[in-house]
Amino acid sequence: MIRIVFTADNHLNRYYAKMTRDQLRERRKRIRQAFRATVDFAIAQNAHFFLHGGDLFDNPDPNPIELAYVAREFKRLQEHNVRILAISGNHDMPRYMGESATPIRIYQELDALRVFNKRAQVEFETFEIDGARIAIGGLAPDPRATADTDLLDGVEINPPAADVKILLLHGGVEDAVPFGFDDAVYRKAAIAALKPIDYFLVGDIHADKKLQVEHATVLIPGATERLTFGELNNEPGFYYLELEGKTPRKLQRKTIAPQAMRRHEIRCGNLPADDPTEYIFAELRGVSDPDQLLQLRLEGILDRDAYHKLKFFDIWRLGNELNFYFDLDKSQIEIRARDADSFGGVVPEERVDVERELGRVADELLDAAENDAERLTIQDARARVVNLYRRENA
């Protein structure tokens with residue numbers, strides 16, 4: 001029986017711009033603990049393989065604390081004879097060709113694991129486990145891919161003879177991406193055409209999914225921790241497989257308890273006119289917890305007088321006192337004009353369109369760019385910031 005743990009999207013060294021240094025230090029510790037849960041499980045199950053689908057780190061230059069932590073965890077796996085095979089992800093791979101290597105390759109130099117680095121050719125490693133031959137390959141993501149790229153087009157994939165063949169990928173899969181996802185995806189037709197591959201193990205998407213695409217099983221483990229308030233409905237975890245040849249005896253998704261996270265919404269129409277701030281204080285006290293990441297979202301229309309009665313700094317301060325981390329979201333408030341329209345109704349003033357403002361700033365920068373390299377950098381930054389904004393506000 002072949003035993004496999006498959007994880008991805010641990011995002012160690014995650015950065016939160018609004019957190020204090022102490023909050024960030026503790027939050028990163030929680031994210032590391034989630035990754036450790038996958039290692040603990042692999043050791044407890046006497047797994048033969050620990051497979052990683054990318055984005056072990058949240059960026060291509062993690063700090064030494066994170067690098068040393070992973071080294072210790074990989075050493076534990078080695079000491080229990082668990083083989084580690086991995087690919088990088090879009091977060092922990094340098095954005096441009098010719099830059100320094102993805103950080104996970106450091107461990108390959110120490111013979112701690114096998115990293116598949118090529119973007120146009122799948123290399124495979126073969127193993128004999130309990131009389132069965134298994135071939136495991138991986139394809140590094142291409143940071144140059146655009147939304148209309150066929151990610152498997154032109155890729156050389158020639159697996160060796162084996163009883164079961166597994167391919168590690170990183171990217172979206174058709175029919176398994178969240179709303180607003182605008183990067184390239186692995187198309188189901190391309191997956192179906194790869195008849196020799198039995199299992200596609202795919203990182204990148206933070207919500208788990210299992211797909212059957214004709215002959216092939218596609219497993220998306222999701223992230224091991226919820227990273228944004230847009231991921232509130234995600235259940236962190238990883239996959240555990242037990243295979244007898246290519247026959248699955250177990251395909252189980254194991255969950256990991258995340259740090260508490262909550263979004264609380266208050267309709268502006270419910271705010272009392274006399275003391276709206278005290279009303280919000282009472283709401284905060286009812287939903288807060290010292291170990292929780294809490295987002296308070298105010299939604300609806302307010303006139304200017306009511307808006308200026310709200311003591312936002314005091315709200316933010318109380319939220320931070322009562323919670324591990326607090327975010328006050330005012331983006332859904334519309335300020336009401338003083339004048340009514342010709343029919344006597346209320347005319348809301350225009351709310352700031354964040355994406356439009358981002359586009360306006362990017363256009364100004366593009367106009368001022370001096371060469372194509374600068375323009376490509378600005379376009380890339382614009383796409384990444386807009387995508388991040390959409391995910392944060394999903």
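Analyst: A definition comes before the strands: two strands pair if DSSP finds at least two bridges between them. The model discussed here is predicted.

User: Which residue of E6 stands opposite glutamate 125?

Analyst: Strand E5 covers residues 121-129 and strand E6 covers residues 132-138. The two run antiparallel and are joined by 7 bridges. In this pairing, the residue of E6 opposite glutamate 125 is isoleucine 136.

User: How many bridges join E5 to E7?

Analyst: Strand E7 is made of residues 156-157 and runs parallel to E5. Valine 122 stands opposite isoleucine 157 in E7. The number of bridges joining E5 to E7 is 2.

User: Which residue takes a positive phi in the hairpin of E5 and E6?

Analyst: The hairpin has 2 residues between its strands. The positive phi is near 50°, and the residue that takes it is aspartate 130.

User: Is arginine 14 buried or exposed?

Analyst: Arginine 14 lies in the loop between strand E1 (2-7) and helix H1 (21-44). Its side chain meets that of aspartate 58 in a salt bridge, at 3.3 Å from N to O. Aspartate 58 sits 44 residues away, in the loop between strand E2 (49-52) and helix H2 (64-79). Aspartate 58 is buried, and arginine 14 is likewise buried.

User: Why does glutamate 123 count as partly exposed?

Analyst: The side chain of glutamate 123 meets that of arginine 114 in a salt bridge (3.6 Å, N to O). Buried would require under 20% relative accessible area, and exposed over 50%. Glutamate 123 counts as partly exposed because its relative accessibility is 23%.

User: What is the relative accessible area of arginine 133, the salt-bridge partner of glutamate 128?

Analyst: The side chains of glutamate 128 and arginine 133 meet at 3.3 Å, N to O. Arginine 133 is partly exposed, and its relative accessible area is 30%.

User: Which element gives the most residues to the largest nonpolar core?

Analyst: This core has 37 residues, and Phe50, Phe74, Leu77 and Leu113 touch the most other members. Leaving aside residues up to four places away in sequence, phenylalanine 50 touches residues including Phe35, Val39, Phe74 and Leu77. The elements that give two or more residues to the core are H1, H2, strand E3 (83-86) and strand E14 (237-244). With 8 residues, the element that gives the most is H1.

User: How many residues are in the second, separate core?

Analyst: Its members include Val185, Phe200, Ile205 and Val218. The size of this second core is 30 residues.

Note on methods:
Residues are numbered from 1 along each chain as its sequence is written. This is a predicted model: local features need pLDDT of at least 70, side-chain atom pairs count only at pLDDT 80 or more; totals for chains, interfaces and linings use all residues. Side-chain values use heavy atoms; hydrogens and water are left out. A salt bridge is a side-chain nitrogen of Lys or Arg within 4 Å of a carboxyl oxygen of Asp or Glu. Helices (H or I, at least four residues) and strands (E, at least two) are DSSP runs, numbered from the N terminus. Buried means under 20% relative accessible area, exposed over 50%, partly exposed in between (1.4 Å probe, protein chains only). A nonpolar core is a set of buried Ala, Val, Leu, Ile, Met, Phe, Trp, Tyr and Cys residues joined through side-chain atoms within 4.5 Å. Contact means heavy atoms within 4.5 Å.
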